[in-house]
Amino acid sequence: MFVELLQFLLSGVTIGSIYALVALGFSIVFNASGVINFAQGEFVMLGGVAAVTLVEAGVSLPFAVMLAVAIAGVVGLLVEKLAIEPAKDADEVTLIIITIGASLTIRGMVQVLFGKGAHVLPSFGGDKPLRVLGATILPQSLWVLGTTLSVVLMLAGFFGKTLLGKAMLATSFNKLAAQLVGINANFVLFLAFGLSAVLGALGGVIIAPITYTSYDVGLMLGLKGFIAGTLGGLGSGYGATVGGLLLGVLEALTAGYVSSAYKDALPFVLVLFILFFFPRGLFGASLTERV
Amino acid sequence: MTIEPRFRGLLVLGVVVLLLPFALPNSFYYDVAIRIAINATIAIGMNLLIGYTGQISLGHAGFLGLGAYGSGILTARFGWPSMLALPVTAIGTGLLAYLVARPILRLKRHYLAIATLGFGIIINIVIGNEAAYTGGPDGMAVASLSLFGVEVTGERVWYGLAAGVLVFVAWMMVNLVNAPMGRALQAIHGSEIAARVAGIDVAGLKVRVVVFSAVLASVMGGLGAHYSGFISPASSDFMHSIELVTMVVVGGMASVYGSIVGAAILTVLPQVLGRFEGWETMVFGLILTLSLMFMPRGIVPTLRLRLVRSEA
């Protein structure tokens, strides 16, 4: 009974960490520009698929991981430079559709270059499950949790301590005022896309040994990360993290106790519930709209 | 005889619709034309929501799926006549749309995108899982449509029906956007607060538009299901919602004729791209991104602007 619950919680926290990384990426771009970047999920896919391909080509695992994350980061920067920046003044709907167009382009390219097959990445620390109070946990799950924790701490340090991080925060609070004190808002947006792509790809790489990865996993991961961000209140870093973990745990509990067929519906039921009763998200600050 | 400028477009549309049968060589082209008309009608309804009122929906395929499966299930599994099944399904979809939209539309704009996205995906998952009623991932066969005891069959009859509905909805929309309600919707797009100050019931109007576009999608989804005789869960998935929004945005926001052009492009494109085995996703993505980067207003408004400039 208890062991079963613990098992569900452990797997929930593992997948929830990935949702948290995706949600953090959504938040960073949303803060910098107000754009909801629907290509975010494709960076997760890109990280996983690129790492697998590099390993299969004979590159050593640690190097393949770093290279895969770097590739996704560059693609993120390219998306901002080529698709978002030229259309920056367009309508919100238009911008959303442009990010969706970019995500289809990335997915289509991966499909052409790497094929439709599902791949699995070798795990980082062996495949022998560890026993925790009767439940089992894969060593890879520990890698996932450790990586996510360090990323959250590093981001907190980046936004709290470095000049660049503070510049990004300032831009999200008030773009005009930030520009008046000499912050290059265009560069901040450029950086935000790169950073969010790196976060997504990192999530994609560390989860690839547990779940299979293929060209089409980005859509659902992206949507769930987006929902996780909404649960925490889009734009809040801690909210995104907690939202991701919460979503992962609730999803695992639903799959375990209610219905595995409806596991994928849970995030979307949850988000409607949250919007009806906590419209600012669980942790979003209350804002008044400027006229 | 002078025609009011706003009806000139309708006249062109009517002439095109009447002359098109003489240019359609075989039933394949009829099929494409019928599906363009069905999609265009849905897109016009969504344009009222997206283009005129400035609200985003990422879940309209869910409403379409409700209409298609509602009508399909009521006729096939419960033996209802299609003339009863279609309106009952439409009313049900409208009620659901009202229940979802009412609490959400008090909030800022991108929350409607999230809520409709969630709603659409829930509908899609339910359709995929409830195989006893929907046939699950394999889809289900749908009975043919009969109106007033006469079976609607044959490409010419279907073309007449679909094109007739399209022209009627376009006429209704051209009148609506120039009426006080249409102007109120455009005021909401400009600034919700200013619209409220001017005495417009912002939330109420937005809910009405959501319900209207959802009912239209539902009815056309039902008609489309009876027309093709088969439906699958893909008709209600997230990607189809995106295709519907794309018709509106690529064709031209706040342009009734833009929606028709957008629907025509998005309906024909997959047929053309089908030849590029494996490349179609990438080409579709590139076309979508590039067309919006270079024509952020959409095709029809951009061309119209260029025409006006060259005249002046």
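Okay, housekeeping first. Residues count from 1 along each chain as its sequence is written, and chains are lettered from A and ligands numbered from 1 in the order in which they are written. Since the model is predicted, local features need pLDDT of at least 70 and side-chain atom pairs count only at pLDDT 80 or more, while totals for chains, interfaces and linings use all residues.

Let's start with chain A. It has eleven helices and two strands. By helix I mean a DSSP run of H or I with at least four residues, and by strand a run of E with at least two, numbered from the N terminus. Reading from the N terminus, the order is α-α-α-α-β-β-α-α-α-α-α-α-α. The radius of gyration of chain A is 19 Å, close to the 19 Å from the globule rule for 291 residues, so chain A is as compact as a globular protein of that length. That radius is taken over C-alpha atoms, and the rule is 2.2 Å times the number of residues to the power 0.38. The C-alpha atoms fill a box of roughly 60 × 45 × 35 Å along the principal axes.

Now look at H1 of chain A, residues 2-33. Its 32 residues reach 45 Å from first C-alpha to last, close to the expected 46 Å; the expected span is 1.5 Å times one less than the number of residues. Buried means 20 or more other C-beta atoms within 10 Å of a residue's own, exposed means 12 or fewer, and partly exposed is in between, with C-beta atoms placed from the backbone.

Next, where the chains meet. The contact takes 37 residues from chain A and 36 from chain B; two residues are in contact if their C-beta atoms, placed from the backbone, lie within 7 Å. Which helix of chain A gives the most to that side? It's H4(A), with 16 residues. By class, chain A's side has 26 nonpolar, six polar and five charged residues. Here Ala, Val, Leu, Ile, Met, Phe, Trp, Tyr, Cys and Pro are nonpolar, Asp, Glu, Lys and Arg are charged, and the others, Gly among them, are polar.

On to chain B, with its 14 helices and four strands. Buried residues make up 49% of its 312 residues. Ser71(B) is buried, with 31 other C-beta atoms within 10 Å. Among the residues Ser71(B) touches are Ser82(B), Thr89(B) and His226(B).

Last stop: H2(B), residues 27-52, and H11(B), residues 238-251. Their axes come within 9 Å and cross at roughly 70°. Axes are lines fitted to C-alpha atoms, for helices over the stretch in contact, with angles from 0 to 180 degrees between N-to-C directions. That makes H2(B) roughly perpendicular to H11(B); angles of 65 to 115 degrees count as that, under 35 as roughly parallel, over 145 as roughly antiparallel, and the rest as oblique. The residues of this contact divide into eight nonpolar, four polar and no charged.

Technical notes:
Lists of a residue's contacts leave out its neighbours within four places in sequence.
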